[in-house]
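The following explanation is intended for a reader who meets this structure for the first time. Please keep the sequence and the model in view while reading.

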Amino acid sequence: MNRKDCEPASRTDLRFFARATRIRLFNSTPIAEDQAFMKPFPLLLVLKFAFLCLGYSEERPNGDRPNGDRPNDDRPDGDRPSIIIILVDDMGFSDLGCYGGEIPTPHIDSLAENGLRFSQFYNTGRCCPTRASLLTGLYSHRAGVGHMTNARKARGYIGRLNEECTTIGQLASDAGYLSAVSGKWHVGSGKRAWWPLARGFDRFYGCPEGGGFYHRPKDGRTIVLNEDVILDHKSEIPDDWYCTDSFTENGLRFVDEAIEKDQPFFLYLAHIAPHFPLQADEADIAKYRGKFLAGWDKLSQERHQRQIELGFIDPAWEKMPRPKEVPAWDSLNKKQQDRLDHLFATYAATMDRLDRSIGNLIDGLKERDQFDNTLILFLSDNGASAEGGTLGRTDGDPTEANSNWWAGKAWAWHSNTPFRRYKKANEEGGIATPLIAHWPAGISDPGTWREDPFHVIDILPTILDLTEASYPEEVQGNQIAPFQGQSFAFALKGITSKPRKVNYFWEHEGNAAVRDGDWKLVRVGGKGKWELYDLKADRTEQNNLASTHADQVTEMTSQWEEWAKHNFVAPRGNTGK
């Protein structure tokens, strides 16, 4: 029996099996076993049937898979690690305690303290493009997602993963891993052919369309199990359902399936938190009320000092000053300060819940004896968001699903300390992310930093190295573009630095940048002037050297234009509607 022999799992079906097997679906409180029901049926048979109808099939023939025939991999697993990539949404560069933040993140910090921290890791500066690059090892335009999921006329902006790329999920599955997504997909949702299972993953629980919710899916968002919609904005949902917890719990269920099948696992755990609209439980918000009344001026300065003490920020780099449109904290009246404290307390509450879910993941891996040989990578899809106006938005009650709270530019400046600008931009505040790597069985020098620059396109080749997976030239008759990143597996295995060409490129909404060694060329908008910075001396981008190094500007402009030509990038961001 396999999953296609069952009707699509409805919410009633799921509740029935939750009752029969004590499975905690949707974060609801486990329901006591109905002893009268259970007596005629052995528990293991009920569990097996529940998993089959839910899509956790014991056997799923290749012919029943959207991605077609896939060869079995009979190679011994040996010491290949299982892998979890945790991607969070709109988190600022300095929001974690282990990167200088004042919000307590003890579980994430424990991964850093017992693993590696990277000081110069880059994303693409925006949600969908980062996800596309992470999944494919290609610049996002080359994979079809140069902007968001709204299709545009230009080839690099079709709004979904194209047919010229493959995914980490497919490569891992082909290498004998159980590959799964739990969380936010957001690289194509209009057709099931664009969802994770069609792109090579074995399992999926989450939202194909995007995020923007915590307590229940909003209109236009669904929760899907494999290929079946199981929740939408009209569904009756338990009061304690919260997406952050649900994504982690269902990720652990996929881990259980891999253990049962004696397979290593690859889990892409893509959280919505801490993206707007900020929503959290009242007790979590109350925990942080009053803790931000010192204001962004003082708190940002304190973050900067901690970053210097941690050793990954050079005190010679001038901290990005408070933007002129952001008022001094002391110029605000008490009512304004209280509102803004409440706003950032709500942001902190979403971070707190996120950290606790990571703690649950860590505990779950330890209980299953999977912690030591699992590589965990933790990063953000872009820098903090300045959306919502200078002082943010606070519409409604943030403990309710219909509220609309956005942190705004002032708190985003604080979250991105010490860097310039925000999400969508290609300055460091938009594209720099923490990266934490934890792998007890593989990392020989835990607690240290890696200072070499890396980019999200480098994750796929790194996973290829560690899983011993092969990269195909063709998938389902489609020629696959060669991956564009470079493996950083060496950095995980104790080599702190390695001579290599550092050459990375960016474009989003006309914002653009290129990094060549320590030089960085960056512009604001398609018509903006190129600015040049020496990141070794000035990573906070405060001293524009374009006027004194014209030859360097010319050379790097040519590099960027050549890259744009070969990666379907609209040179000025004009992609057509």
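Among contacts in the protein chain between residues at least 6 apart in sequence, what percentage join residues at least 24 apart? The share is 73%. This value, like every other one in this account, is computed from a predicted model. The protein chain has 577 residues, and 62% of them count as buried. Its secondary structure consists of 15 helices and 19 strands.

Helix H7 covers residues 243-260, and helix H10 covers residues 334-367. The axes of these two helices lie 9 Å apart and form an angle of about 15°. Angles under 35 degrees count as roughly parallel, and H7 and H10 are therefore roughly parallel to each other. The crossing in which H7 passes H10 is right-handed. On the side of H7, the residues that take part are Thr244, Asp245, Thr248, Leu252 and Val255. They meet Arg353, Leu354, Ser357, Asn360, Leu361, Gly364 and Leu365 of H10. Sorted by class, the contact of H7 with H10 comprises five nonpolar, five polar and two charged residues.

A second pair is formed by helix H9, residues 295-310, and helix H11, residues 408-415. Here the packing angle is about 15°, and the axes are 9 Å apart. That angle makes H9 roughly parallel to H11. The two helices cross in a right-handed manner. H9 contributes Gly295, Trp296, Asp297, Leu299, Ser300 and Arg303, which meet Ala410, Trp411, Trp413, His414 and Ser415 in H11. Five nonpolar, four polar and two charged residues make up the contact of H9 with H11.

At what angle do the axes of H10 and H11 cross? They cross at roughly 55° and come within 11 Å. H10 and H11 are therefore oblique to each other. The crossing in which H10 passes H11 is right-handed.

The cysteines form the next topic. A disulfide is a covalent bond between the sulfur atoms of two cysteines. How many disulfides does a search of the whole structure find? The search finds zero. Cys127 is in no disulfide, and the nearest cysteine sulfur, that of Cys128, is 4.3 Å away. A disulfide requires the two sulfur atoms to be within 2.5 Å. Cys127 is buried, with a relative accessible area of 3%. Cys243 is likewise in no disulfide; its nearest cysteine sulfur belongs to Cys207 and is 9.2 Å away. With a relative accessible area of 0%, Cys243 is also buried.

Some features of the backbone remain to be described. Most residues other than glycine have a negative phi, and most peptide bonds are trans. Which peptide bond has an omega near -5°? The bond from Phe276 to Pro277 has this value and is cis. Pro277 is placed in the loop between strand S7 (265-270) and helix H8 (282-286). The peptide bond from Thr417 to Pro418 is cis as well, with omega near 5°. Pro418 belongs to the loop between H11 and helix H12 (428-431).

Positive phi values are found at two aspartates, Asp90 and Asp369. Asp90, although not a glycine, has a phi of about 70°. Its loop runs between strand S1 (82-88) and helix H4 (106-113). For Asp369, phi is near 60°, and the residue lies in the loop between H10 and strand S8 (374-380). Are these aspartates buried or exposed? Asp90 is buried, with a relative accessible area of 3%, whereas Asp369 counts as exposed at 69% relative accessibility.

Methods
Residues are numbered from 1 along each chain as its sequence is written. This is a predicted model: local features need pLDDT of at least 70, side-chain atom pairs count only at pLDDT 80 or more; totals for chains, interfaces and linings use all residues. Side-chain values use heavy atoms; hydrogens and water are left out. Axes are lines fitted to C-alpha atoms, for helices over the stretch in contact, and angles run from 0 to 180 degrees between N-to-C directions. Helices (H or I, at least four residues) and strands (E, at least two) are DSSP runs, numbered from the N terminus. Angles under 35 degrees count as roughly parallel, over 145 as roughly antiparallel, 65 to 115 as roughly perpendicular and the rest as oblique. A crossing is left-handed if the near helix is turned anticlockwise from the far one by less than a right angle, and right-handed if clockwise. Contact means heavy atoms within 4.5 Å. Ala, Val, Leu, Ile, Met, Phe, Trp, Tyr, Cys and Pro count as nonpolar, Asp, Glu, Lys and Arg as charged, and the others, Gly among them, as polar. Buried means under 20% relative accessible area, exposed over 50%, partly exposed in between (1.4 Å probe, protein chains only).
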